[in-house]
Amino acid sequence: MSTVSSARPAGALYWPVQARRNIGVRSLFLVVLAFLIAYGFLFPGLFSASGFAKFTQSWFPLALVAMAQAILMLTGGISLAIGPTVSLGAVIAATTMAGPLGVTGGAAAVALTGLGIGAATGFIVVRLRLPAIVVTLAGSFIIGGAALLILPRPGGAIPEWLSDLLAGDTPTAFVLLVAIVLLWKLYLATPLGLSLYAAGENPVGAYRSGVPVDAARVAAYAISGLLSTGAGLFVAAQTGSGDPVIGAAFTLNSIAAAVLGGIGFLGGQGTMRGALAGSLLLSLMISVMFFLGFTPVAQYVAQGLIIIGAVAIPQFRKVQ
Amino acid sequence: MMKPSFFASASALCLGLLLAIGVGFEANAAAKCIKGDRKAPYTIGWANIYSVPTWMKQTQGTIEAEVETLKKQGLVDKLVVTDAQGDANVQIQQIQSMIDSDVDAIILIAGSSTAPARVIADACAKGIAIINFDSLVDTDQVTAKVNTDSSQWGDQAAKFLIDAIGGKGKILILNGPAGVSVSDDRRKGADAELKAHPDVTVLAETNTPYNVAPAQEAVTSLLFANPEIDGILSLGGALSAGAVLALDKQGRDQVPITGENARQFLELWKEKGLKSWATMQPNWLGAFAAYTAVQALEGKDVPAFVKIPLPVIDNSNIDEYLARAKDFPADGYIYSPYDEELFKKLLAQK
């Protein structure tokens with residue numbers, strides 16, 4: 001009896017809570033939807049299996065780094081090392097997978113490196129109480145240098161079948177993304193996941209309530225590192241090789257996607273779906289403006305206007 | 001007795017003719033990636049990696065001019081331009097969009113020597129002509145690659161300088177940024193000549209971006225340390241202009257120097273009466289790439305690699321270059337003249 005009565009309000013609460021979380025990003029969802037419709041209209045091939053596959057492949061690495069940045073920003077952190085970490089993941093994949101370690105060994109090396117770098121960064125930031133922005137800026141030089149040491153010039157190789165599997169004509173990337181989002185939902189239900197928002201929004205209050213604040217933050221850095229090197233592995237598969245500077249642009253783009261998605265710099269504010277929508281918008285803009293026939297200069301202007309628009313619309317409504 | 005030999009020679013002649021036709025037919029076989037199902041007028045996609053540097057703007061200018069000419073001939077109806085802003089991932093996405101919108105040809109300067117290989121192979125499989133110039137991709141799934149030879153650049157520059165200082169003396173070497181393949185290859189190309197002349201002493205080497213200010217700064221500090229300098233082996237861009245300005249500011253005598261076709265350097269060369277030599281990465285590589293793409297689509301065979309001979313500027317023809325200076329931006333490059341005849345000749349070389 002008691003289990004039923006406590007379960008029902010919880011279930012009834014779930015959707016209203018989710019809906020309230022959407023308020024800040026509703027206009028972003030509308031903008032993204034408009035762009036998707038425009039894209040489908042301009043490029044009908046989008047609705048074929050291979051067209052959809054190629055489109056999601058362009059988006060996938062940006063989606064992963066947006067998640068990697070968002071999880072940190074939710075805890076009140078930030079990383080300026082995401083781009084170099086992507087590069088490092090790519091060069092490790094490209095130098096190990098075609099060698100004796102094989103795809104499994106290479107993927108394990110990529111995953112462990114990501115988790116290790118993330119955990120180490122998190123440990124330094126959380127335990128030594130150093131500003132994340134400084135630690136990750138220094139980390140970006142170290143990680144970027146490591147990538148250049150492993151592979152000084154673009155090269156290496158990824159087994160052809162893996163490239164075809166991840167970045168061929170099948171929407172594997174989209175399936176993976178759905179799986180990762182489900183894992184994220186699961187993670188939020190664990191004690192560490194539950195602590196994430198609390199640790200970001202009000203760390204002192206959370207700590208006093210018995211929330212494992214430090215563990216939640218270190219775990220967030222580790223997961224962020226894993227997502228970043230994972231994005232690197234995907235980029236290596238997509239390009240069939242490794243390039244030690246391929247990730248450079250991901251640092252800024254990951255922050256742009258997260259902020260566009262309504263994630264606040266102060267922690268505890270925003271949703272992962274917002275960050276994903278933000279990354280989707282950044283990726284869609286490139287393709288849609290190509291099909292609209294914008295010249296590169298017009299694209300710069302349009303990009304800026306769309307980003308400001310997507311961020312400003314909810315503010316207008318708040319003011320009213 | 002006469003008849004058989006007559007028949008023999010006649011049949012030999014016929015055979016020879018057949019062979020010649022056969023060979024001729026071979027030569028006209030379609031180029032790589034070309035399937036022959038695309039008809040003029042064509043749409044050309046220009047996948048630029050970074051549009052901001054002056055060299056890139058001038059290169060795009062030659063592409064646009066060439067496309068105008070091809071439009072008048074009814075061969076091209078549209079030029080689609082993208083700019084990846086230096087991001088190799090964005091360039092891949094933009095090339096994918098070009099494939100999706102079914103352009104007939106893609107010309108590109110690659111943002112990474114490996115990353116675009118797979119998307120280019122996809123485009124090639126769809127019968128799109130791919131012409132890759134300047135920064136090349138490690139793949140053979142292209143219709144043609146077009147470039148000059150960076151190592152030859154360094155070799156010829158070293159030859160001129162060593163000759164100009166009489167085979168012995170103290171020199172400075174000015175390089176572009178470290179770890180950039182063009183800069184590395186030019187420097188390596190100079191090695192053989194330097195080794196062959198042990199009386200030439202290298203006092204110091206610099207690595208700076210291909211810009212005037214950092215080169216001037218680097219050379220200035222080297223001038224303080226080295227009172228005696230006989231020559232400067234400058235391997236590109238605006239480095240030479242920086243070196244000449246540095247010498248001038250300190251009131252030192254100008255020395256023999258090598259360089260590139262940067263307008264500022266050529267003007268200083270004339271103004272200071274230098275003994276100099278310069279070559280270039282011609283901006284019309286872009287125009288040539290567009291021309292080659294259309295030739296390939298029209299069913300002509302094109303070589304898989306077109307090596308562009310380095311145009312040379314020396315004291316005998318510097319005036320011809322400076323006479324055209326006003327047509328080029330002040331911080332730009334005065335490239336050698338080009339026309340369709342030159343393009344035809346370049347495509348005919350094997």
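Tutor: The centres of domain 1 of chain B and domain 2 of chain B, taken over C-alpha atoms, are 33 Å apart. Domain 1 of chain B covers 42–148 + 283–308, and domain 2 covers 150–279; the bounds come from an automatic or database domain assignment. This is a predicted model: local features need pLDDT of at least 70, side-chain atom pairs count only at pLDDT 80 or more, and totals for chains, interfaces and linings use all residues. Residues are numbered from 1 along each chain as its sequence is written, with chains lettered from A and ligands numbered from 1 in the order in which they are written.

Now the side of chain B that touches chain A. Here 20 residues of chain B contact 22 residues of chain A (C-beta atoms, placed from the backbone, within 7 Å). Strand S2 (76–83), helix H3 (88–100) and helix H4 (117–125) of chain B each give two or more residues to this side. Helices (H or I, at least four residues) and strands (E, at least two) are DSSP runs, numbered from the N terminus. H3(B) supplies the largest share, 8 residues. By class, this side of chain B holds 5 nonpolar, 11 polar and 4 charged residues. Ala, Val, Leu, Ile, Met, Phe, Trp, Tyr, Cys and Pro count as nonpolar; Asp, Glu, Lys and Arg as charged; the others, Gly among them, as polar.

Methods: Two residues are in contact if their C-beta atoms, placed from the backbone, lie within 7 Å.
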